[in-house]
Each structure stands twice: as structure tokens, then as C-alpha cells.
Amino acid sequence: MTSKTVTSETVTSRSAPLKKNAPRRRSATLKKNAPRRRSATLKKLRGWPLTFLLAGITGLSIAPFYWLVVSSTRKDTEVFDWPPKLLPGGALGENLSHLEQKIGLLRVLGNSLLVAGVQTLGALVVALLAGYAFAKFRFRGRTLLFALLLSTLVVPEQVLLVPLFKMMTDFGLLDTYQALILPGLCVPFAIFLMRQSLSSLPDELLDAARVDGAGELRVLFSVVVPVMRPVLAALSIFLFLGSWNQFVWPLIALRSPEMHTLPVALATLHGNKSNTDYGAILSGTALSTLPMMVLFLVLQRQFISGLLAGATKG
């Protein structure tokens, strides 16, 4: 009986301090977790100003484009009203009809689409063929030729205008589509990008296709092109954007208004402030952004994949 009593008392005496220390342990745990909760709260509080800052920057970036779209739907006399009107008007059809009467909107829009589309497609083919040759073939003078190609990147385009004009004059190509398309078929940056992308493509994949009896062109278009599709999509957007917005060379090479591209045709509408139809000019400018937006939306997924593929290569 005595031993049992002692044992029970001993257990009771040992368990008592545990119960007394339990609140202390809970308070210690709460104190340890308190800094974590405070840091999480601070992170949330710090995130709100950053969100507002980014939202403000986004709004400032979109505001000029929004004003362009809204002003393109208003008359010339309403464009510079203060305070500015932020809701669309009803003069878009009138502005487009003025453009058709003054510059032949549909014709110059078709010229721009034709030149930009053919030049982009041709530049992609040339960049693909040249990049494939530089990346996968070993020939004498390859390094020197590629270095000469890269050296042209530092030459300003304005320096080439006079020799290019003399060349097109000798060939009799002035005021033609060929004069606009041919100079843009060889883009050194596009060749460099394709060469760098194709260098990471395993040679074993190409050798397997050759062993199966495929020729070089079939290997290129059946094996290489599907793998390089994201890079080609990203490159096509940059090439189309550069060709679509080209202004100086078409202004020099073209003579007749029927051959004008959209940027050149819109520039002819600028005159004195008293006789410049800003509503029509803004309508044409807003319309000129649509093909680029449509192309980006169509190739958006491939474009992002191409950028991510280039960013993750180590």
C-alpha cells in the first residue's frame, strides 16, 4: 500500500510541473510565431503599394493608345477640346471616308499588307536557310563570313540609303514592289538569332533523319522547322513590325501615290495646322495598329514560348 501511494504521489508531483509549464510553452510558441505573422502582414502591406504603382504605370502606358482610339472616332474640331472627351464619338465612318477620298485607304492598306507579308515570309526563309548553314555545316571561312555578317549590325540604315537608291535605279526597280521587298529579305539580326537557336538543336536528331534517307531540305522543313516554330513565330512578329512601320526607304523609292504604303500615305496628309484633318490622320493611325495586334494575338502563345525558350537556355 505504501509503495502504491508513493508511486501515485510521485506521478502527481511530476505531472504538476508539466501542467504549470504548459501555458509558458504556449506563450513561447506564440511569441515565436508572432514575427512570422508580422512579416507576412508586412509583405501584404508592401504588396499593395507595388500593385498600385504597377497599375498606375500600366494606365499611363495605355492612356495614349486609348486617346488615339477615342480621338479617331471624333471630328477634327473635337480632337483638341479641353477637357478631353474620353468617350468614343460617331465620326469614325466619316474619317475613314475622308481617308479613302484623299489617299485611297484600301489601296495603300493593301500595299502595306502585301509588302510586309511577302518581306516577312522571305526574310524568315532566308534567315532559316542561312542560320541552318552557319549552325550545322562546317565549311571554310564560316567564322569569317559570320563575323562579317555581324559587323553589318553596327552600320546605320541611313548610310545604305544612297547606295541602295543607286542600285535600284540601275536595275530599273524604283517605284515598284520589288524595290521595297528585296532590301529587307536579308536581315542580319534574324540570321544571327536563327543560328544561335539552331546551335542548341542536337545533331543526333538530324543524323537520324539522314539515316532514314531524308535529304537536307526535307530534314530542314520536316525536323528543324517544327522544333523552331516558337522562335520563328517570335521572329516573324519582329520582322513584320519592322517592315510595316518602314517609312524612310518607301518615301525615297516610291514616286506614284498609287504605290504608297500606309505610313507614307498618312504623312502626305500633314500640312498647315489650318488644313490638316487630324481626325482622319488619327483614324488611319489607329487602323494601322490593327494588323500588328491581330498578328500578335494569333502568334501570342508561340511568341511567349519562343521568348521563354531563349531565356532558359544555359
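This is a predicted model: local features need pLDDT of at least 70, side-chain atom pairs count only at pLDDT 80 or more; totals for chains, interfaces and linings use all residues.

Modeller: Residues are numbered from 1 along each chain as its sequence is written, and side-chain values use heavy atoms, with hydrogens and water left out.

Colleague: Which helix supplies the largest share of the lining of the largest pocket?

Modeller: A pocket here is an open set of points on a 1 Å grid over the protein atoms alone, where a 1.4 Å probe fits, with protein on both sides within 12 Å along at least five of seven lines; lining residues have an atom within 4 Å of a point. The largest pocket holds about 1000 Å³ of space, and of its 31 lining residues, Glu157, Pro183, Gly184, Cys186 and Gln246 are the closest to its centre. Helices (DSSP runs of H or I, at least four residues, numbered from the N terminus) that each give at least two lining residues are α3, α5, α7, α10 and α11. The largest share, six residues, comes from α10.

Colleague: Are the rings of Phe240 and Trp244 stacked or edge-to-face?

Modeller: Both residues sit in α10, four residues apart, about one turn of the helix. Rings of Phe, Tyr and Trp (its six-membered ring) pair if their centres lie within 6.5 Å, and planes under 30 degrees apart count as stacked, over 60 as edge-to-face and the rest as tilted. For Phe240 and Trp244 the centres are 5.8 Å apart and the planes are at 20°, so the pair is stacked.

Colleague: Is Ser283 buried or exposed?

Modeller: Ser283 lies in α13 and touches Ser72, Leu92, Asn95, Leu96 and Leu99, not counting residues up to four places away in sequence; touching means heavy atoms within 4.5 Å. Buried means under 20% relative accessible area, exposed over 50%, partly exposed in between (1.4 Å probe, protein chains only). Ser283 has 2% relative accessibility, so Ser283 counts as buried.

Colleague: How far apart in space are Thr176 and Met259, C-alpha to C-alpha?

Modeller: Thr176 lies in the loop between α5 and α6. Not counting residues up to four places away in sequence, Thr176 touches Leu254 and Met259. Thr176 and Met259 are 83 residues apart in sequence, and in space their C-alpha to C-alpha distance is 7.3 Å.

Technical notes
Grid points are joined across faces, edges and corners, and a volume is the space filled by probe spheres set on the points.
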